[in-house]
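Please read the points below alongside the sequence and the structure, beginning with the ligand and its surroundings.

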Amino acid sequence: MKKLIAISGPAGVGKGTLVQMLTERNEDIVASVSCTTRAPREGEIDGVHYFFLTKEAFLQKIGEDGFLEYDKHFDNYYGTPKDFVFETLQSKNVILEIEVNGVMAVKEKYPSLLTIMVVPPSLEALKNRLIGRNSETEETLQKRLARVEYELSFRDRYDEVVVNDDLEQAYSKLLKIIRSEITIRR
Ligand code: 5GP
C-alpha cells in the first residue's frame with residue numbers, strides 16, 4: 001500500500017493548482033476522484049474532476065458503505081469513494097483534496113493519513129480575492145467568507161501547514177513533506 005495524503009485549505013488559497021502541479025510532475029502521485037451531487041461546471045468531465053451522481057445514487061452508495069467519508073457542503077453531497085482510493089493505493093500515492101470535516105473523519109479511521117493544510121499568507125488578502133471574484137451573490141459570498149475562517153480554525157489539527165505565498169515555493173515544500181513521509185514508510 002502506498003501513502004494516503006489529504007490536502008485542504010480555504011477556497012481561493014490555490015490548493016487545486018498545487019495538487020495539479022504535484023500530480024502532473026510526479027508519476028507516483030495521483031489525485032483521488034470524489035463523488036458529488038453538484039452539477040458539473042463548464043469543462044468538468046465525469047470521472048476526471050468528479051464522479052457526478054444523482055442524489056438518489058449518492059444516498060444508495062452511502063447505504064452500501066461505499067464512502068471513506070462524505071459530507072454535505074453548500075447543499076450538495078461530496079464523498080470519497082472507497083473502491084477508487086484503495087484500488088489506486090495499490091500502485092500510487094493518493095491525494096485527497098477534501099475539506100476539513102472529511103479529513104478529520106478519514107484520519108480517525110486511518111491514523112497514518114498524512115494531513116496538510118494550505119493557508120494564505122494573509123487572511124485579508126484571501127478575503128479580498130474572494131470578494132474580487134465577484135461571481136457570487138452577496139449571501140453566497142458571506143457563506144464562503146465564514147467558511148474560510150472555519151476551515152482555517154482547523155490548522156492546528158493538521159500534521160503540516162504550508163503557506164502559499166509563492167506558488168513554486170509552496171509546491172517544493174509540499175513535495176518535500178510528501179517525499180520524506182514516503183521514504184520513512186518504505
Ligand atoms: P467544489 O464544489 O468547489 O468542487 O468543492 C467544494 C468543496 O468540497 C471543497 O472544499 C472541496 O475540497 C470539497 N470536497 C471535494 N470533494 C470532497 C470529498 O470527497 N469529501 C469532502 N468531505 N469534501 C470534498
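**Notes on the ligand site and beyond**

1. The residues of the shell around the ligand divide into 3 nonpolar, 5 polar and 6 charged, where Asp, Glu, Lys and Arg count as charged, Ala, Val, Leu, Ile, Met, Phe, Trp, Tyr, Cys and Pro as nonpolar, and the others, Gly among them, as polar. In total 14 residues surround the ligand, and S34, R38, Y50, E69 and Y78 are the closest; a residue is near a molecule if one of its heavy atoms lies within 4 Å of it.

2. The model is predicted, so that local features need pLDDT of at least 70 and side-chain atom pairs count only at pLDDT 80 or more, whereas totals for chains, interfaces and linings use all residues. Residues are numbered from 1 along each chain as its sequence is written, and side-chain values use heavy atoms, with hydrogens and water left out.

3. Which side chains place an N or O atom 2.6 Å from an oxygen atom of the ligand? A polar side-chain atom of S34 lies at that distance of 2.6 Å, and an N or O atom in the side chain of R38 is also 2.6 Å from a ligand oxygen. For E99, a side-chain N or O atom is 2.7 Å from a nitrogen atom of the ligand. A polar contact is a pair of N or O atoms within 3.5 Å.

4. D65 sits in the loop between helix 2 (55-63) and strand 5, and its phi is near 60°, a positive value in a residue other than glycine. Most residues other than glycine have a negative phi.

Conventions
A polar contact is a pair of N or O atoms within 3.5 Å; within protein, one must be able to donate a hydrogen and the other to accept it, and residues adjacent in sequence count only if both atoms are side-chain atoms. Helices (H or I, at least four residues) and strands (E, at least two) are DSSP runs, numbered from the N terminus.
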